[in-house]
Amino acid sequence: MNNKGLIRLFALLFGLVSLYQLSFTFITSKIESDASAFAESTVPASEPEYVAKREQAEARYLDSVAKNPVLGFTSYEEAKKKELNKGLDLKGGINVTLQISVRDILSGLANNSKNPAFNKALANADLASRNSDATYLDLFFDAFDEIKGDTKLASPDIFANKGLSDEVNFEMTDEEVKPIIRRKVDEAVVSAFEVLRERIDGFGVTQPNIQREGSSGRILVELPGARDIARAQDLLSSTAQLEFWETYEPGNQNLINFLIQANEELKLLVKADEKPEAKPESEIDSLLSDVAQDSLDLTAQNNPLFEKLQLSGPGFAVGVAAIKDTAEIGEWLRLPRIRRLLPQEVQFTKFMWERPSQGVEVAALYALKSNRDNMPRMSGDVVSDARDQFDQYNRPAVGMDMNVRGAREWQQLTNEANLNNTGIAIVLDNRVYTAPGVSQKGGIPGGSSEITGTFTVNETKDIANVLRAGKLPAKAEIIDSFVVGPSLGQEAIDSGFTSFLIAMGFVLLWMILYYGRAGWFADVALTFNIVLIFGVLASLGAVLTLPGIAGIVLTIGMSVDANVLIYERIKEELNKGKGMSQAVADGFDNALSSILDANITTGLTALILLVFGTGPIKGFATTLIIGILTSLFTAIFVTRLLIDWFLHKRGRTLDFTTALTKNLFRNLDFDFLGKRKIAYIGSGILVIIGAVSLFTKGLDQGVDFVGGRNYQVRFVHAVNPTEITSELTAALGSASAKTFGDANQIMVTTKYKVDEGGTEVDDEILHILFNTLQKYLPDGATYEDFAPGGTNDQIGVMKYRKVGPTIADDIKKNAVWAVIGSLAVVFMYILLRFRKWQFSLGAVIAVFHDVMIVLGVFSLTSALMPFSMEIDQAFIAAILTVIGYSLNDTVVVFDRIRETIAERGWKSGINTNLALNSTLSRTLNTSLTTLVVLLAIFVFGGETLRGFMFAMIVGIVVGTYSSLFIATPLMFDTLSKKESSGANNR
């Protein structure tokens, strides 16, 4: 081998750099472990809210040591920036995809135009977006072009308005206006991106990730380590729409008369038989019964409104109701026939609920003075600064300062409120946070104000944070979310590394048992390979996920393949009578072509997975690609350096076998081509059975492909999923529960309100789950214990996933393109590499055969297996990996056939059989090690990976079979008779 010194130096530097990069991870892990121990010793578990207090103590400890020098070359603060990033499934946290509403942006650009053509185009674009991959803006333009008639985008009541007067004028054509609107929409999405980034920076998680997804208006946000899930969701989805409204004076007779008339009208709308059955007085009823009722007689049998809304609420509120009834009351008050009952003096009244305090089950209803345009007296754009502080009673509050214009408007508003005996409602995202009165005559000068209420310190920090960052230019809807509790993340780490160590141990031992002393050199190279993989991941800032660990473990099995190829070729050269040094040199040279071909085909499928995959699947593809590259380096160069070093001293010999394996697979003469008809018939039957099952029974598609929500829920004792399914179906209308892993854990899937976004729906479903499943939880378990990231990390929702219909369609489309793309790329590569279309055809049909059998097995056995066999993104990753592995195997076989035929000719298949027999040792050796590695992950890698691994196990077995009995015979049969019988066809 030439340039040994240079390669030795590169390997040394590569290893040192990898260890250096990994040192930061070891440093942060040690310090964080110390911080956790400190928090546990400081805050006993007997204290109320001990989880939150421990988090605070841990944060204080880390802050105190953040800048202290560590080992003389770094600090915790610096090391944290360079450590190996862990994904959500290993660290816990939240991953969401936000859809910025392009409709809202367009409405804003058009000053909320009432133009019929404009609004009709928006409505048509809404409908079209449900079944189209085009962007919302393109759909709007298409819809407008279809119905516009004589109306132009540059009409005064659409985009040629005062706000866009510098860029759009009445003379412009639609084609001239469209690029301007595209730019404005893009600027609004960029603005939303920047606002979200500022909010995230103030949230306090390490290594957050935020990125735009092309021109779709989608923004991906990942917050690893975020424990307060509800807080994170509110932070991301709230528009921070701050408004100041004037309330009515207490006891306004016009409003009271309206509510009485509304109740009478609702008697006609709400049937008496829909009234709830009488039940014992609850805590909420008791609270509501204490509220003064003026002098109204509300004892009649059918009072739909007053049975839920009690009049004369606190302060300037008009009433109070149970939180569970607020949605229905609000819906009633928005009905056109009810709105028509409002007296002329209050006809534009806007009704709005207060933000309920934590732990309180009632909310106050406010009536706000509005106008024809439904615009507030003041908006949040006048706020120049915001901060979290404490009020005069030492309660958490938010202080605000206003600009010059805001200060002037604020004084005028507060002066009117003082004169009218009304309150000022401070509203954030359509919730009244506080509505104080004004006692100061002449109003409040200076433009300073304060939002008070029953806040926690974190809540005031978040409110101040979003106000400083500014409001989002449009509504941000969470269309895809993935939440993992911190305890489940730790379990994933434990199970992932257990499978890693078991697989690693087996492979190292197997190489020694099979190849003797030469196996030791392969083991050193393999261990060095693992160090390099983790070092590269850390240096690139890549994220390690649980599928990523599976990718590394799979790399262990596949990296053995290169060493096996080399060692088998060295053994062949030794059997030819060559000397040791020459046999080693020729063995490495002859194996190089097969190694490169095999790894390039696997790498191509991994690249496609990287392009089309999302989230953790990208982590799998990333580690697989890195593993392929480092495996090539360690197998080809590091192993060669070690063997050459050992043989450098005269008289030394190196055996590549042991007593047990010396004569294994030697002098084989199996007639593979002679059995091809049996293989064709057997495979044909299996493919047909699988295809029939796919068309009749189908596959168990997960939420990734059909949309919906699933929740991994854990209990203390075993539960009956059938019983829970019926109970949840009654509560949600559509739900299923399956055992997930141990008998005390289930996976709940539901499509309840799948088309609706917002954290309110998520909270509603979590409350329904808690109320339905509470009897299966320990006595005294609270909603806070049950919710993800809650106060009890041993029970409740450990993980949940939400996929909106549009995201599900995108995932399905990407999955199809990924499979088709991988087959097309590999067909072209093999065609270019082997120069015969018969090789490409044989390889692609064999891969199609493997995929069909895996799909058929999943379709036939999904109801029988004791683990989840849902078809999701991880399954597609498994399919693509199977494609890569099958091609790896096939290409190695084809490479040997090409070499043998070049030397001896086809001879009617005799030499093809000879080539197949000569690769059988490598084929079975690699397949066995890979299979055992996959079994280790299947058994010890955790429930999440079980279906993923099962698909790969089936695929490896079938792929090994197809490379010998399908790909090669098909290639041979498609050759012309003259060519396949030729004595020496080169």
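Reader: Which side chain does serine 631 reach with a polar contact of 3.1 Å?

Author: The side chain of serine 631 makes that polar contact with the side chain of asparagine 529, where a polar contact is a pair of N or O atoms within 3.5 Å and, within protein, one atom must be able to donate a hydrogen and the other to accept it, residues adjacent in sequence counting only if both atoms are side-chain atoms. This is a predicted model, in which local features need pLDDT of at least 70 and side-chain atom pairs count only at pLDDT 80 or more, while totals for chains, interfaces and linings use all residues. Residues are numbered from 1 along each chain as its sequence is written, and side-chain values use heavy atoms, with hydrogens and water left out.

Reader: Is serine 631 buried or exposed?

Author: Serine 631 counts as buried because its relative accessibility is 5%; buried means under 20% relative accessible area, exposed over 50%, and partly exposed in between, with a 1.4 Å probe and protein chains only.

Reader: And what does serine 631 touch, leaving out residues up to four places away in sequence?

Author: Serine 631 touches Asn529, Thr555 and Ser559, contact meaning heavy atoms within 4.5 Å. Serine 631 itself is placed in helix H20 (residues 616-647); helices (H or I, at least four residues) and strands (E, at least two) are DSSP runs numbered from the N terminus.

Reader: Switching to strands, how many residues of S18 are buried?

Author: Strand S18 (residues 476-484) has 8 of its 9 residues buried, so the rest of the structure largely encloses this strand.

Reader: Which sense does S18 have when it pairs with S4?

Author: Strand S4 (residues 93-100) pairs with S18 in the antiparallel sense over 8 bridges, two strands being paired if DSSP finds at least two bridges between them. Within this pairing, glutamine 99 has glutamate 477 of S18 as its bridge partner. S18 also runs antiparallel to strand S23 (residues 796-803), with 5 bridges joining them, and valine 484 stands opposite lysine 799 in S23.

Reader: How many bridges join S4 to S6?

Author: S4 and S6 run antiparallel and are joined by 7 bridges, with glycine 93 opposite proline 224 in S6. Strand S5 (residues 209-213) is likewise antiparallel to S6, over 5 bridges, and isoleucine 210 has valine 221 as its bridge partner there.

Reader: Which residues of S6 point which way?

Author: Arg218, Leu220, Glu222 and Pro224 point one way from S6, whereas Ile219, Val221 and Leu223 point the other way, and all are buried.

Reader: New topic: how many aromatic pairs does the structure hold?

Author: The structure holds 29 aromatic pairs, where rings of Phe, Tyr and Trp (its six-membered ring) pair if their centres lie within 6.5 Å, and planes under 30 degrees apart count as stacked, over 60 as edge-to-face and the rest as tilted. One of them joins tyrosine 515 and tyrosine 567 edge-to-face, at 5.0 Å centre to centre and 70° between the planes. Tyrosine 515 lies in helix H16 (residues 486-515) and tyrosine 567 in helix H18 (residues 546-575), so this pair ties together parts that are 52 residues apart in sequence.

Reader: Which residues form one aromatic cluster with Tyr515 and Tyr567?

Author: Phe506, Trp510, Tyr514 and Phe656 form that cluster with Tyr515 and Tyr567.
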